[in-house]
Amino acid sequence: MNTVTTIGLDIAKSVFQVHGISATGEVLIRRQVRRGQVLKFFASLPPCLIGIEACASAHHWSRELQSLGHEVKLMPPAYVKPYLKRQKNDMADAEAICEAVTRPTMRFVETKTCEQQSILMLHRVRLMQVRQRTMLTNAIRAHLAEFGLVAKIGREGVDELLLMVRDGDERVPELARACILALAEQLMLVKRQILEMDRRITACHRASEVSRRLAEIPGVGPLLASALVAHVPNPKAFSSGRNLAAWIGLVPKQNSSGGKERLGGVTKQGNRYLRSMLTVGALAVIRFAQRHGTKRPWIVQLLTRRATKVAAVALANKMARMVWAIMATGERYREPVTRQAA
């Protein structure tokens, strides 16, 4: 009797699609399962390989199914798309997932723990609050500019505008003043929440030995170090530091063919959050080197050949490779030794 060896599971909010095959490729299961029946259904099956697209709630279902004894592999949806035949529907998606998970060249996503997902949520909520702070300050400036109140760029300028409103500037009508004060109250609340998130991230950073080692790299602070630890649960899933840098998106976009290489700007694929923070950290290192000098000849030579922001991306790529080496080997960061002239 044939038994199910591989299953493609297309997850959703309420109705999940299951596509199961035997070792010979014969289709044995093709059905829908309600959300409340998923665990009961898979508990009745022998241990098998289950493929899931790495989308919303995928890590949760991966942990739950692994606890039942199954082997679960998560895949980026973009890598599953080429295996989809004809029209897109839940049944075809599950079949494509089932076929993709058995490919020897397929790349998989490591399942994150609840603690790692909690840290990622901390970073995402903080990022959302930073955007809300920017939105509120821009709104305050725009509304007050309609009445002729303009201040200098920066947070101090917004504080000056709010001080003029609170002091009862005659140019601002009473109704407009009430609206601005409501925005100011929201702005203060968001600022306090950002500070609280920063304290929580710092506490997570100090509690992680790997995060503390990563923070020794110039340009990597507690915020970036804790984000790297949460986003990369298993550094050995990448064969080299270059693969990690490419996964983040710190490589040029290629359009090469016929043995002729055509390289463009930095690809938009990868992890935008890590890419932006690594670039900002690299730019801070370069700015410091331009003002105070540096003992690292690589940066000096790079700045003589390339523009500052181009050099920042190159340095961010180098930092990503350092991160992989430190996480994969357990070593600490070592300052480069300057060779003495003979």
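Over residues 7–146 the chain is 45% helix and 21% strand, and the end C-alpha atoms sit 61 Å apart. Helices here are DSSP runs of H or I with at least four residues, strands are runs of E with at least two, and both are numbered from the N terminus. Why that stretch? UniProt lists residues 7–146, in an unreviewed entry, as "domain: Transposase IS110-like N-terminal". UniProt positions are in the numbering used here, feature names are shortened, and annotations may be inferred rather than shown by experiment.

A word on the model. It is predicted: local features need pLDDT of at least 70, side-chain atom pairs count only at pLDDT 80 or more, and totals for chains, interfaces and linings use all residues. Residues are numbered from 1 along each chain as its sequence is written, and side-chain values use heavy atoms, without hydrogens or water.

The largest pocket holds about 1,700 Å³ of space. Its lining has 41 residues, and the closest to the centre are Pro 76, Val 109, Trp 247, Gly 270 and Asn 271. A pocket is an open set of points on a 1 Å grid over the protein atoms alone, where a 1.4 Å probe fits, with protein on both sides within 12 Å along at least five of seven lines; lining residues have an atom within 4 Å of a point. The volume is the space filled by probe spheres set on the points, which are joined across faces, edges and corners.

Which element gives the most to this lining? Helix 5 does, with eight residues. Helix 5 spans 114–145. Among the others supplying at least two residues are helix 10 (241–248) and helix 11 (272–292). By class, the lining has 22 nonpolar, 12 polar and seven charged residues. Nonpolar covers Ala, Val, Leu, Ile, Met, Phe, Trp, Tyr, Cys and Pro; charged covers Asp, Glu, Lys and Arg; the others, Gly among them, are polar.

Next, the second largest pocket, at about 390 Å³. Of its 17 lining residues, the closest to the centre are Lys 318, Met 322, Tyr 333, Arg 334 and Pro 336. Helix 13 gives the largest share, seven residues. The lining divides into nine nonpolar, one polar and seven charged.

Last, one residue. Ser 226 is in helix 9, residues 222–231. Buried or exposed? Ser 226 is buried, at 4% relative accessible area; buried means under 20%, with a 1.4 Å probe and protein chains only. Beyond neighbours within four places in sequence, Ser 226 is in contact (heavy atoms within 4.5 Å) with Ile 119, His 123, Ile 201, His 205 and Ser 211.

Terms used:
Buried means under 20% relative accessible area, exposed over 50%, partly exposed in between (1.4 Å probe, protein chains only).
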